[in-house]
Amino acid sequence: MSKEYDREFETKFQETTRLGLEVVKESEEDRLMTLSVGPQHPGSGHFRFTIKVDGDYIVYCDPDPGYVHRGEEKMSEYRNFIQNIPHLERPVIHDSTNITYSYSLAVEELLGIEVPRRGQFIRAIASELNRQVYTLYWLAIYGIFLGHSTMFMWPAGDRELFIDLLTALSGARVTHAYNIPGGVRNDAPNGFKEKCLQYVKYFEKRLVEYEDIFYNNPLFRQRTENVGILTKEDAINLGVTGSVLRASGIPYDIRKVEPYDVYDEIDFKVQYMKTCDSFARAYVPFLDMRESCNIIKQLLDKMPDSGEVRLKLQSNPKGQPGESYKRVESGRGALGYYIVSDGSPKPYRVKISVGSFRNILALPHLLIGSKLGDMPSIYWALNYWPVEADR
Amino acid sequence: MATAPKEFRFGNFVASIVWLVFWIIIIVTLVVLPLIFVILFYVPLPYAGDEVLTPYLFFSMMVDPTRTVPIIDFLIHTDLFRAAIFPGFAYAAFIAAATIYIERKFLAKMQLRTGPFYAGRFEGILQLIADGLKLISKEVIIPSGADKPLFWATPIIFVATAAAATALIPVAPGWVASDLDVGILAIFAILGFFPLLALLFSWASNSKYPFIGGLRALHQLIAFEIPFILSALPIVLLSGSLNLSEMVESQYLFWFFAVAPISAFVFYISSLAELERVPFDLPEAESEIVAGWLTETSGMIYGLIQLGTYVKLYVLAALFVVLFLGGWMGPQIFPQELIPNYTGEKIYNATVVNGIFWFTLKTFGMIMLILLPRGINPRIRIDILLHTGWYKLIVLAFINIFIVLTLIYGGIITPGGLQ
């Protein structure tokens with residue numbers, strides 16, 4: 001408001017008060033409506049952010065994570081390296097193989113052991129399958145966030161394919177505890193290779209249908225294209241990772257940049273897009289799923305037919321004092337573990353670096369200035385899993 | 001585990017029932033029947049058609065069922081019956097109930113699910129009754145600071161408004177509760193009330209999310225009301241009448257869909273917006289504003305609004321059928337006489353039954369078409385909605401108006417039907 005306006009208003013105000021009427025001056029704040037999105041809001045997850053809207057535009061955003069903090073890092077200091085596995089997978093039960101993968105890699109480096117070759121392949125297959133499970137779950141929620149109920153039901157149903165395969169491997173539906181330091185918990189059952197190939201082939205056909213009904217839908221494109229632009233520079237400055245980074249035109253994939261286990265033997269492309277908008281962030285995980293199918297096929301092809309899958313360790317392994325940092329490409333981006341050991345069976349310090357928390361830092365940057373109707377599409381395209389971010 | 005009491009004797013059980021029946025017979029013959037006849041002696045008996053409705057008539061009707069024909073004939077031609085039962089509200093509510101079931105099964109098949117399955121023997125056919133009972137038994141929660149009279153009244157007005165719209169729909173020749181000469185204007189006037197009711201309810205809820213939802217409903221009204229009315233204009237030009245029955249009758253040669261397909265498309269899109277269905281369900285957008293203007297509803301208040309919404313769906317599907325698909329017109333497939341060589345009084349009219357059949361069939365087809373986008377589309381944003389309404393649909397509606405005007409002035413089609 002200009003000063004002239006204020007002076008004009010004050011003279012009017014004095015006149016009206018002389019007449020005995022009460023005038024309340026409208027401030028800039030009165031135009032805004034504060035909305036609390038979460039933790040009970042259907043469009044938030046276990047997470048809350050406060051937004052202020054001016055009409056249909058969001059002018060303020062304050063993310064408030066921490067509703068499901070469980071102290072995983074501190075808990076890890078009281079258990080030995082093997083005992084840590086079942087609770088460390090809790091933050092992302094839909095991607096539980098990947099979150100224990102980098103932990104196992106870090107512990108293996110500390111203990112100075114190497115996983116048998118067949119074990120490495122099975123590990124990679126399990127992590128690819130589990131990334132599919134996570135991405136499908138994410139896509140289902142993205143669908144329902146945009147009001148597309150079929151896109152909720154289809155991925156949620158097709159997720160069962162990969163859950164079936166992982167159940168055959170590990171015996172559990174979601175919390176597999178499959179990766180352990182030294183390899184995987186048990187060998188793949190007979191006929192797993194054929195079953196896996198069959199399922200993946202079916203799923204590739206379904207991906208075409210997903211594209212037809214969802215990604216090529218003009219209404220979906222209208223809603224997400226040129227919405228929530230995160231430029232290359234901003235993406236690097238904000239430190240986002242995973243599909244969000246790749247959607248901003250940076251081909252960065254841990255599987256390619258720092259290949260772990262058998263990924264240097266696999267031939268695959270890093271999927272990325274240069275449009276930097278919400279559509280790219282929604283489409284890159286889909287492209288990743290398609291690429292992941294290729295990776296699974298190659299892994300199945302190159303996997304040795306027999307051999308050890310697990311290095312026999314003592315039940316309470318001890319390593320040399322030291323530290324290690326290993327990361328893998330999870331469904332949400334780089335997922336790293338920094339472990340410090342003082343030579344005892346328990347880790348001295350465990351620090352989990354997750355993709356979710358780094359991606360959510362971009363939320364206020366993207367939301368401010370966008371429309372209220374774009375809030376779900378921007379928020380969930382950031383590939384954020386609230387429970388993982390809170391650890 | 002047995003559920004019978006310890007001292008259970010079957011003989012005692014039978015005896016107690018016999019004892020009960022005995023007392024009922026005694027009391028009915030000695031007290032109730034004399035009382036009824038005493039009352040009947042003083043109360044003037046009502047007339048139905050030519051006959052006086054006496055208790056004795058009931059006995060004679062049991063012997064000779066043809067005696068019921070004039071009474072039924074009289075009853076189905078009363079205004080109350082028309083408004084409340086057949087072309088009016090009960091018929092619409094029945095179709096609405098069928099629509100809810102069909103929608104759930106249809107959507108489920110599209111999404112590789114089964115849908116309702118357990119209530120009722122066949123494919124969960126009683127699911128709606130179970131849901132209705134649940135809604136009735138639930139507590140109605142009114143938020144603190146809500147405008148209580150409005151909060152209670154709005155859902156009832158919502159259903160009443162939907163019912164008012166059903167009274168204007170001609171179902172068969174002569175079968176319409178209120179045959180207005182400005183029928184189409186009246187229907188648009190009634191449909192214009194719904195967004196206002198949404199706004200009223202959202203204001204009464206005293207909550208932020210309903211308020212945003214109500215405002216969105218109002219935006220939708222502004223965006224789609226004009227193309228909606230403009231899309232009906234070619235039909236008015238073609239039939240030369242504002243009366244819905246006459247519009248149907250002027251389609252006896254061909255359906256107006258043949259000359260006004262663009263208008264039909266605009267009408268279809270606008271009715272989706274009017275019904276707040278996907279992709280235009282912005283006022284109820286769940287992930288943005290919780291449940292929009294329905295956020296604070298619970299129990300039977302929610303049930304009433306849902307009933308009103310689905311009755312409205314029937315009205316718009318029926319209106320599409322009346323305007324573009326020839327209403328009750330269709331080949332005669334019912335026989336002229338139900339019982340051959342029957343010479344007594346009749347209530348069966350082959351033309352009317354045929355009209356009802358075709359009308360209902362077409363309406364259900366149209367309802368399926370309205371349900372379809374829910375399975376394949378996401379929600380659109382409010383600025384795209386306004387853009388669609390103002391720029392695209394109005395232009396399309398005008399194009400069809402010009403086409404129809406050209407046809408009329410070119411002498412190809414005469415206004416007032418094809419004489």
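Where is the place of Lys351(A)? Lys351(A) sits in strand β8 of chain A, which covers residues 347-353. The model described here is predicted.

## Lys351(A) and its surroundings

Lys351(A) has 14 C-beta neighbours inside 10 Å and therefore counts as partly exposed. A residue needs 20 or more such neighbours to be classed as buried, and 12 or fewer to be classed as exposed.

Once neighbours within four places in sequence are left aside, Lys351(A) is in contact with Glu73(A) and Tyr338(A). A further reference point is Arg255(A), which is 96 residues from Lys351(A) in sequence. The C-alpha atoms of Lys351(A) and Arg255(A) are 21 Å apart in space.

Strand β7(A), residues 333-341, pairs with β8(A) in the antiparallel sense over 6 bridges. Within this pairing, Ser341(A) stands opposite Pro347(A) of β8(A). The two strands form a hairpin with 5 residues between them. In the turn of that hairpin, Gly343(A) has a positive phi of about 90°.

β7(A) also pairs with strand β6 of chain A, residues 322-330, again in the antiparallel sense, over 9 bridges. This pair is a hairpin too, with 2 residues between β6(A) and β7(A). Ser330(A) stands opposite Gly333(A) in β7(A). Of the 9 residues of β7(A), 7 are buried, so the strand is largely enclosed by the rest of the structure.

## The β1-β2-β3 sheet of chain A

An open sheet of 3 strands in chain A has the order β1-β2-β3, with antiparallel pairing. Its edge strands are β1 and β3 (57-64), each of which pairs on one side only. Neighbouring strands are turned by 20° against each other on average, with direction ignored.

The pairing of β1(A) with β2(A), residues 48-54, is antiparallel and runs over 6 bridges. Met33(A) stands opposite Val53(A) of β2(A) in this pairing.

## The interface between chains A and B

How many residues of chain A are in contact with chain B? There are 27 residues of chain A in contact with 23 residues of chain B. On the chain A side, β1 (32-37), α6 (149-170), α8 (218-224) and α15 (375-381) each supply at least two residues. The largest share comes from α6(A), with 5 residues.

By residue class, the side of chain A that touches chain B divides into 13 nonpolar, 10 polar and 4 charged.

## Chain B as a whole

The secondary structure of chain B consists of 17 helices and 2 strands. Its C-alpha trace spans about 80 × 60 × 45 Å along the principal axes. Of the 419 residues in chain B, 37% are buried.

Contacts in chain B between residues at least 6 apart in sequence include 78% that join residues at least 24 apart.

## Helix packing in chain B: α7 and α14

Two packed helices are described by the angle between their axes and the distance between the axes. Helix α7 of chain B (residues 148-166) and helix α14 of chain B (residues 299-324) pack at an angle of about 20°, with their axes 8 Å apart. Angles under 35 degrees count as roughly parallel, and α7(B) and α14(B) are therefore roughly parallel to each other. The crossing of α7(B) past α14(B) is left-handed.

Residues of α7(B) that make the contact include Pro155(B), Ile156(B), Phe158(B) and Val159(B). On α14(B), the contributors include Ile301(B), Leu304(B), Val311(B) and Lys312(B). The residues of this contact of α7(B) with α14(B) divide into 13 nonpolar, 2 polar and 1 charged.

## Helix packing in chain B: α5 and α15

How do the axes of α5(B) and α15(B) cross, and within what distance do they come? Helix α5 of chain B (residues 89-110) and helix α15 of chain B (residues 350-371) have axes that come within 11 Å and cross at roughly 45°. That angle makes α5(B) oblique to α15(B). α5(B) passes α15(B) in a right-handed crossing.

The contact brings Ile95(B), Thr99(B), Glu103(B) and Phe106(B) of α5(B) to Thr363(B), Ile367(B), Met368(B) and Leu371(B) of α15(B). By class, the residues of this contact of α5(B) with α15(B) are 5 nonpolar, 2 polar and 1 charged.

Methods:
Residues are numbered from 1 along each chain as its sequence is written. Chains are lettered from A and ligands numbered from 1 in the order in which they are written. This is a predicted model: local features need pLDDT of at least 70, side-chain atom pairs count only at pLDDT 80 or more; totals for chains, interfaces and linings use all residues. Two residues are in contact if their C-beta atoms, placed from the backbone, lie within 7 Å. Helices (H or I, at least four residues) and strands (E, at least two) are DSSP runs, numbered from the N terminus. Ala, Val, Leu, Ile, Met, Phe, Trp, Tyr, Cys and Pro count as nonpolar, Asp, Glu, Lys and Arg as charged, and the others, Gly among them, as polar. Axes are lines fitted to C-alpha atoms, for helices over the stretch in contact, and angles run from 0 to 180 degrees between N-to-C directions. Angles under 35 degrees count as roughly parallel, over 145 as roughly antiparallel, 65 to 115 as roughly perpendicular and the rest as oblique. A crossing is left-handed if the near helix is turned anticlockwise from the far one by less than a right angle, and right-handed if clockwise. Two strands pair if DSSP finds at least two bridges between them.
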